[in-house]
Structures are given as structure tokens and as C-alpha cells.
Amino acid sequence: MCTGAGAGAALLIKSPAQVAADTAPPPPDILTAEVEDRVISQALITRGKVTSSQRTDISSGPRAGEDAGRSVVTKVKSAPGRKLTAGQVLLEVSGRPLFVLEGAVPAYRDLVPGKRGEDVAQLQAALRGSGHPTGTDLSGVFGPGTEQALTSFYRSIGYEVPVTEAPVSLAEAPQPEAPQPDASPSPTAKPEEAPPRSLPTFPMSEVVFVRSFPAYVEEVHTRVGDEAGENLLSLSSGALTVEGSVTPQEKGMIRAGQKVRIYSDTAGREFSGKVESVALERASAKDGGEESGEQKYTVKVAPSRPLPMKMNGENVQLTVVAASSRGKVLAVPSSAVSTGADGLTSVTERTGRKERRIPVTVGVSGDGFVEIVPRKGARLEAGARVVVGVQMRATAGRP
């Protein structure tokens, strides 16, 4: 019995040295990473919005005619996302249409027969593109062919061409017959005034020009019964581009011509592009009743290939490649590089349980890696293991 009691006590009672050994932390794990032969790129990641190259905000419509008391929206023929073609009617104001045509020059005057100019040539091209030839009229001259094409176009969209009453010039007015030799002129006879001529008119208030088709309705802010005034609807047209913004600190990393990766979260697809421009914008925010300004830079990205039109308005991820190594270089994780008390930059190669300090010169960094070049007399190859940190082991019953 005494022998058994002694053996049990020996199992339960430990010396101070044994207790210290049992409670001491385990030796740490040495974390290593492989030396790689790779291309290193420095990238800036931001967000951007896909937009069309042209956005047109329509803030007024056709003027009320002589028989209309006020300018009021009488029909809305557009809906957000609708694809538009040349000659399509967007809405109707006081019974008159507002339609869209292709052209780069904004409408700035009413056009009638006899007018000349670049805007007339643009109208002629738009009419021909819609299937209404202008005959033998010279480009930029509103002649009989353009007059006939305009009338035909209005009828094709279901409206009568508007007219303007213009006085007849002396050259156009009918000349009185020559008096007979034996007839004596009557002192009371007066020449009759020629009636004014009705000229087919292309009013600037009934058209919106966009640079190219297809065009799309982005937003509609009006409905039947509203006054025809500000902010009726918005159109987008042309190829899709991407606009993002960066801070002044990030702006130094971006310049025109840099490659950009465009990632669509919705489609799960990646597209390529280039930085087109970087321009300063001023964004103001109200804070406590006072305006505080924050500088930002707008980055415009031109896709290498046309983006799908369904991406219009989508928020995408932009990755700008700011710098890159010329081809593959020897690279290690940034945490593998350290500077000792002697000021020497180095990495620590680990083979089994042996460690060797290798002096290096660092180069391009990016994506969490840094380029290293072993100094003269030192040697390090791809595939070797270098120390990147130390991790403490967890013990049972300890966090």
C-alpha cells in the first residue's frame, strides 16, 4: 500500500522545473515563401461608371402654335432604356412633335427655303439618312428638293410640316400687264399687294440632334399634362466610355495612355482599355451648413473594344496599371525584405533548419511583391524559400 501511494504521488507532484517546462510556449513556426520569377506591376484600383460618349438633356419642347394656349406635354413616347432610331418622336408638346436626328451641330435657328449654311447641310444629310432624298439641291442650300424631303419626312412621322408666312419679294410678285397704247391710265388705279407665301419650316424647337446612333433614353422626368419646361428627359448616344475618380494622392500614379482593366461585377467579365484623360473636378459637400470642397480628379477610360450597350450606367471596377517591370524579374513578398542595424537590405534564405542572410537591392514593387537583385558575390534563385515571418503555435487550452 505504501509503495502504491508513493507511485501515485509521483504522478501528481511535479518539480518546479517540470512545471516550467510544461507551461512554456512551444517553439514558433518559421513562415517562408518561394522566390518567384514573375512580372511585377503596380496597380491602382478604383470604381467607375459606364456612360455614353454624349449625353443630351432636353429642357424645352416645341413652342405652342397660334391655336394653342400654352406649351404643355400632350404625349410621352419614350421610356428609360428605350433604343432610339433617326426620326423617332420622343414626346409631343401642344400637339407638335419633338424628334431626334443625327448631327453634330446643335439646332440654333429655324430653317426655311433659301437658307444656307452648315446646319442646312446637316439637315439634308439627316433627311437622306431617314430615306427622304433632297434631289438636286446643293449641299448647304435649302432648295426645292430639301423642301420636298422635309414635307415627306413630317408626313412619315404622322405630322404636317409647319409653315411660316413670308412676304413675297418683288422678284417673285406677279407683274402687272403692260398698258395698251390707246388706253389712258386711271389716276385711281393701285397695284394689288401679293399675298404672303407659306414656306415649309424646319423649327429648331422640334428637333434634338445626337452625334451618332444607336441612342438611348436614359431618364424621363415629365408626363402628360406637365408644362413643357426644364429637364424633360435625357438621352445618351455614341460609344460607351467609363468615368472614375481618384484623389490627388492617387492622381500621381495615373497618366494618359496607361492600360486599364475594366471588370463588370454583373456580367463577371473583364474588358481592357486605356486612360484617355485625367482632369481636375471640384466636388463640394455641405457639412453643418457650410460648404467644404474636396479635390478629385476625373479619369476617363476608353475601352479597347466597344462595350455591350447593356452595360450603360453600370458601376464597374477599374484597375489602372501604374508601373510594371520589364519582363520577368526575381521577386519575393514585401515582408521578406528587411533592413538590419547595419543598414544592409537583405532577405533570409531558409533551407531545412539552416538560414542564410543574402544582401539584395530592391526594384519595382507592386501586387504585394518586390523585385530583388542579389548583390555582387551573393546568389539566390527562383524556387528558394525565404523567411517572411514567424507564427506562434497555439497550445491546448490556450487561445
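Let us begin with Glu-349, which is found in strand S19, residues 345-351. Please keep in mind that this is a predicted model.

Is Glu-349 buried or exposed? Its relative accessibility is 14%, so Glu-349 counts as buried, the cut-off being under 20%. Leaving aside residues up to four places away in sequence, Glu-349 touches Lys-354, Glu-355, Arg-356, Ile-358, Leu-380, Ala-384, Arg-385 and Val-386.

The side chain of Glu-349 makes a polar contact with the side chain of Arg-356, at 2.4 Å. The side chains of Arg-356 and Glu-349 also meet in a salt bridge, with 2.4 Å from N to O. Arg-356 has a relative accessibility of 41% and therefore counts as partly exposed, whereas Glu-349 is buried. Elsewhere, salt bridges with shared partners join Arg-55, Asp-57, Glu-218 and Glu-219 into one network.

How many salt bridges does the structure hold? There are 13. I shall describe two further examples.

In one of them, Glu-206 pairs with Arg-96, and the closest N and O atoms are 2.9 Å apart. This pair links distant parts of the chain: Glu-206 lies in the loop between S9 and strand S10 (207-210), while Arg-96 lies in strand S7, 110 residues apart. Glu-206 is buried, because its relative accessible area is 5%. Arg-96 likewise counts as buried, because its relative accessibility is 18%.

In the other, Glu-36 forms a salt bridge with Arg-38, where the closest N and O atoms are 3.6 Å apart. Glu-36, at 30% relative accessibility, counts as partly exposed. Arg-38 counts as partly exposed too, at 22%.

Finally, I turn to helix H4. This helix covers residues 144-156, 13 residues in total, and reaches 18 Å from its first C-alpha to its last, close to the 18 Å expected at 1.5 Å a residue. Which residues of H4 are buried? They are Gly-145, Thr-146, Glu-147, Ala-149, Leu-150, Thr-151, Phe-153 and Tyr-154. These buried residues pack against strand S7 (96-102), helix H3 (118-129) and strand S9 (197-200). After H4 comes Gly-158, whose phi is positive, near 90°.

Thank you for your attention.

Conventions: Residues are numbered from 1 along each chain as its sequence is written. This is a predicted model: local features need pLDDT of at least 70, side-chain atom pairs count only at pLDDT 80 or more; totals for chains, interfaces and linings use all residues. Side-chain values use heavy atoms; hydrogens and water are left out. Helices (H or I, at least four residues) and strands (E, at least two) are DSSP runs, numbered from the N terminus. The expected span of a helix is 1.5 Å times one less than its number of residues. Buried means under 20% relative accessible area, exposed over 50%, partly exposed in between (1.4 Å probe, protein chains only). Contact means heavy atoms within 4.5 Å. A polar contact is a pair of N or O atoms within 3.5 Å; within protein, one must be able to donate a hydrogen and the other to accept it, and residues adjacent in sequence count only if both atoms are side-chain atoms. A salt bridge is a side-chain nitrogen of Lys or Arg within 4 Å of a carboxyl oxygen of Asp or Glu.
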